[in-house]
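Here is a short briefing on one protein model.

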Amino acid sequence: MALTKVHNRMIEGASISVVDFGAVGDGVTDDSSAIISASATGEYVFFPDGEYYINSTISPANTLWFGNGGAIIKMGANGTISSSAGSIDVFNMKFHGPVTEAQYDDGVASSAISTAFDSPTYLDGSDSSYGGADFTHTKSTDTLTLDLASLTGTTRRSIESDYITLDSTKKYVVHIDEGFISSYASFSGITIRRYDGSNTYLGDYDPGGSTADLSLSSTHKIKIRIVLRRTSDMATANPTSTVVDLSKIKFFKLVGTASTFDLTNMDQSHFQIANAREDATVSNCVFEYMAKTPLQFISSKRSKVSECIVRRSWGGFGSTNCTEITFEGNKIDNRQLHTDGSLYNLKYQRKKSIAGTNTDYTTISNNYLRGANWGIEFTPMSGYKAVTINNVVISEIVGISNPGGDYTALNGNVIELAPGWAQFGIEIPSSHVDIDVSSNSITFLNPANNQAYGIGVTGSSSTWKRGKFSDNKIFGAPQGLFLNNSGTAIATKLVVSNNDIDYGGAGIFVQKLNADIVGNTINRVHDIVGGFIPEGGIVVAGPTLEVDVSNNSVQASSEYAMRILTGKSVVNNNTIECLSILPAAISVEVGTDHLFSNNIFKGTVPTGYYASSGSGTKRSLANRAVTGDGPGNIILLGTRDEQYRYSLTSTGAGSPVVHSPSFTLPGRGTYIVNARIDVSGDGTNLVSGTFLVQLGNDVAYDMVTTDQIGSTAVSSGAPLVGFATMSLSVAITGVATFTITQSGGSAGSTATTIVEVRKFIH
C-alpha cells in the first residue's frame with residue numbers, strides 16, 4: 001500500500017531515531033529506556049530495521065512510531081506497551097510476542113476412539129442404560145450407522161462410548177473434521193463427558209458455553225455420547241439413519257506456550273491505548289505470536305486500525321468504552337500450528353478477532369478474519385450504534401455477535417462456521433431498536449450441534465422499533481433465521497424478505513413479533529432435529545400477533561412446511577413442496593382468523609394439506625395441488641370456495657357412546673361440510689362424513705336442507721372399535737349439530753371433532 005504524505009515526510013527526515021537514544025535493536029538487549037526517552041520528545045520516532053526487545057510494562061508519553069517494515073518490537077512474556085493520554089500514530093511496525101510456533105500435537109490415537117465404540121452403551125430418554133430394542137447400530141471400521149426406524153412419537157436416544165484415557169496433567173481440545181456426519185436423520189448433538197481417575201463424572205466439555213478457557217483439563221477419562229431425537233410428527237418416510245465417521249473426531253494436546261500459560265485469565269493486552277487524544281491510528285502494522293490481545297483501545301475517541309496483519313496470535317483487536325472507532329481492511333489469522341505442519345482454529349480460549357465492550361459508533365468493514373472462536377463480538381450495545389459490513393469471517397463457534405442498539409447494520413458479510421460446536425453465523429442478543437441484517441452469506445460446515453442458528457436474534461425487548469432481514473443466504477444451518485422475542489409480544493412489524501435458506505430443523509422461526517415473511521426460498525437439506533424449536537420451513541409463534549406469509553417457496557421433509565401459532569395470519573401465493581409424507585403441509589395451532597389463498601402444493605402428497613386445532617375461522621381460497629388431492633382433510637374444490645375450520649371437543653356417555661358437537665354456520669348460502677373424529681390427538685380417523693347444506697335467503701334461514709354425500713366409516717383398533725354413524729342437523733337459526741354414534745366395543749368419553757365448512761361463492 002502506498003505511504004501517505006505525512007509518513008513520507010517522516011521517512012525523509014522530519015523525525016528522530018530511536019537509535020539516537022541508545023536503542024540497540026539486537027533482540028536481546030532491553031531497549032525499553034531508549035523507546036521511552038525518544039517517545040517523550042513528542043516527535044515522530046523512526047525505528048530502523050532490527051528487533052527492539054522489551055519484557056516489562058512501558059508507558060511512553062506519546063506513541064508516534066514508524067518504520068520501514070523491518071522494525072520489530074519484540075515482547076517477552078511480560079512485555080506490555082501502555083500508551084495513555086498521548087498522541088498515537090503507529091505505522092509500518094512489527095510486534096512479535098512470546099508464543100511458540102507449535103501449539104497442538106496429537107493427544108489421542110484415532111484407533112482408541114473407534115475401539116471405544118466397539119461395545120457402546122444405549123441410553124434412553126432419561127439417560128439411563130437400556131437394552132436398545134428400538135435403537136440399533138452397525139459399525140464398519142470407523143463408521144457408525146445409527147437407526148431409530150422403529151421409534152415413533154417424541155423420543156430421545158443416545159449411544160455412548162466406553163472410557164477413553166487421557167493424561168490428566170495435560171490440556172486437550174477437540175477438533176472435528178468436515179465429513180463427521182454424512183447423514184443427519186435424527187441427529188441431535190455430540191457431548192464429551194468428563195471423569196476423574198475413579199470414574200466419577202465431572203461434567204460435560206462444552207466449548208460453545210465457556211467464557212474463557214475452552215481446553216479440556218484435569219480429566220483422566222472421557223466418554224463420547226452421540227444423541228439422537230425424534231419428534232411426534234416426524235414422517236415415517238424420512239431417512240432414519242444417522243451416519244458418523246469416528247475418524248473425524250480428533251483430540252489435540254496443547255504444547256509450547258499454550259501448555260504453560262494460564263488460559264483462564266486472558267483479558268490482558270500486549271499493546272494498550274487508553275484515553276488517547278482524538279484520531280489515534282494504527283496502520284500497516286504486523287502483530288505475530290502474541291500471547292494476549294495484540295491491540296486494545298480503552299476510553300478512546302475517533303480511533304482507527306487499518307491495513308494491519310495479525311498472525312498466530314491469541315486474539316486480535318479490542319475496544320472498551322470507546323466512541324467512533326473503526327477497524328478497516330485488516331487481515332487477522334488466529335489459527336495455530338500443529339506439529340504436523342497443519343493450521344487449526346484457535347480452540348483453547350474464547351478469543352475474538354475483533355471485540356468490544358460499551359463502544360459506540362463502531363465501524364467494522366472489509367476485514368478478513370480467520371481462525372478465532374468468535375470472529376467479531378461486541379457486548380453490550382444498548383443505546384449504541386454499530387455498522388459491520390463486507391467482512392469475511394471464518395471462525396470456530398460464532399461468526400459475528402453484535403447486540404442490537406439504537407442502530408445495528410450487518411450487511412454484506414461472508415461467514416463460514418467450522419465443523420463442530422458452531423452456534424451462530426450472526427448473533428444479535430439483548431435489546432433491539434433498529435436492525436438491518438441484509439445480504440450476508442453464512443455457511444455451516446458439518447455442524448455437530450442441533451441448536452445452532454444461521455442468524456439468531458434473541459432476548460427480551462420492548463423497544464424493538466424496526467427490523468429488516470433481507471437477501472441473506474444461509475447454507476446448512478440446523479436452524480436458519482431465528483427471531484425470538486422472549487418477553488412481551490411486540491406490535492412492531494419486521495420485514496423478512498428474499499432470504500435463501502438451506503436448513504435442518506427450522507427455516508424461519510419468528511416468535512412474539514409481527515412480521516411480513518415474503519419472497520423467501522427455504523430448502524430442507526438436513527433432517528436434523530430442531531432442539532426446543534418447533535420444526536418446519538416457516539414457524540410463527542405468538543398468541544396475539546399478525547403475520548403475512550406470502551410468495552415464499554418452502555421445502556419440507558419432516559413435520560410441517562409451515563406452522564402458524566399466532567392469532568392472525570394471511571398465507572398467500574406460497575409454493576410448498578413436500579419431500580416426504582408429512583402429517584400436514586400447513587399446521588394452524590393457535591388463533592382465530594387465518595386466510596389461505598392461491599397456495600400451490602406439490603411433491604409427495606401429505607396426510608393432510610391443512611391441520612388445524614383451536615376454535616376460530618380459517619378460510620381457504622383458490623389453493624391447488626399439483627400432484628393431486630390425495631388423502632386428508634382438504635378437498636381443494638376449485639377457485640371459488642371459502643373454507644372455515646372448527647376444532648371442537650365433544651363428550652359422550654352410555655352405550656352406544658354418542659358425541660354431539662355443534663357450531664354456527666357462517667351465513668346464508670351453499671356449503672359442503674366435512675367432519676372427522678380424532679381420538680387422543682394421534683390422527684386416527686374414527687369416522688368421517690360429508691354433507692351438502694343449503695341455507696335460505698331470509699335472516700331466519702327459512703329454508704334448510706341437508707344431504708349426506710359421503711359415507712360413514714367403520715373404525716378399527718384401539719381406542720374405539722366397532723361401527724360408527726354420523727348425522728347432521730341444522731336448525732333454522734343456522735346452528736349445526738353433528739351426532740356421532742359409536743356402537744360395539746368400548747370407547748373413551750372424549751374425542752376431538754375437526755369440522756371443515758366450504759361456502760361456495762356464486
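Which residues does Lys347 touch, not counting residues up to four places away in sequence? Lys347 touches Tyr104, Val173, Val174, His175, Leu214, Asn373 and Glu396, where contact means heavy atoms within 4.5 Å. This is a predicted model: local features need pLDDT of at least 70, side-chain atom pairs count only at pLDDT 80 or more, and totals for chains, interfaces and linings use all residues. Residues are numbered from 1 along each chain as its sequence is written, and side-chain values use heavy atoms, with hydrogens and water left out.

**Lys347**

- Lys347 sits in the loop between E34 and strand E35 (352-357). Strands (E, at least two residues) are DSSP runs, numbered from the N terminus.
- Lys347 is buried, with a relative accessible area of 5%. Buried means under 20% relative accessible area (1.4 Å probe, protein chains only).

**Cavities**

- The structure holds 2 cavities of 30 Å³ or more. A cavity is a set of points on a 1 Å grid over the protein atoms alone where a 1.4 Å probe fits but cannot get out.
- The largest cavity has about 70 Å³ of space. A volume is the space filled by probe spheres set on the points.
- Lys347 and Glu396 both line the largest cavity, and the lining also includes Val173, Val174, Leu214 and Asn373. Lining residues have an atom within 4 Å of a point.
- That lining divides into 7 nonpolar, 1 polar and 2 charged residues. Asp, Glu, Lys and Arg count as charged.

**Open sheet**

- 5 strands make an open, mixed sheet in the order E17-E23-E11-E33-E34. Strands pair if DSSP finds at least two bridges between them.
- E17 (172-176) and E34 (343-344) stand at the edges with a single partner strand each, so one side of each lacks a neighbour in the sheet.
- E11 (residues 102-106) and E33 (residues 336-338) pair in parallel over 2 bridges. Tyr104 has His338 in E33 as its bridge partner.

**Strand E56**

- In E56 (residues 562-572), 9 of the 11 residues are buried, so the strand is largely enclosed by the rest of the structure.
- E56 runs parallel to E58 (residues 586-590), joined by 4 bridges. Arg563 has Ser587 in E58 as its bridge partner.
- E56 also pairs in parallel with E59 (residues 593-597), over 5 bridges. Here Lys568 stands opposite Asp593.

How values were computed: 1 Å grid on protein atoms, 1.4 Å probe; cavity = no way out; pocket = protein on both sides within 12 Å on 5 of 7 lines; lining within 4 Å. Buried < 20%, exposed > 50% of the residue type's maximum accessible area, 1.4 Å probe, protein only.
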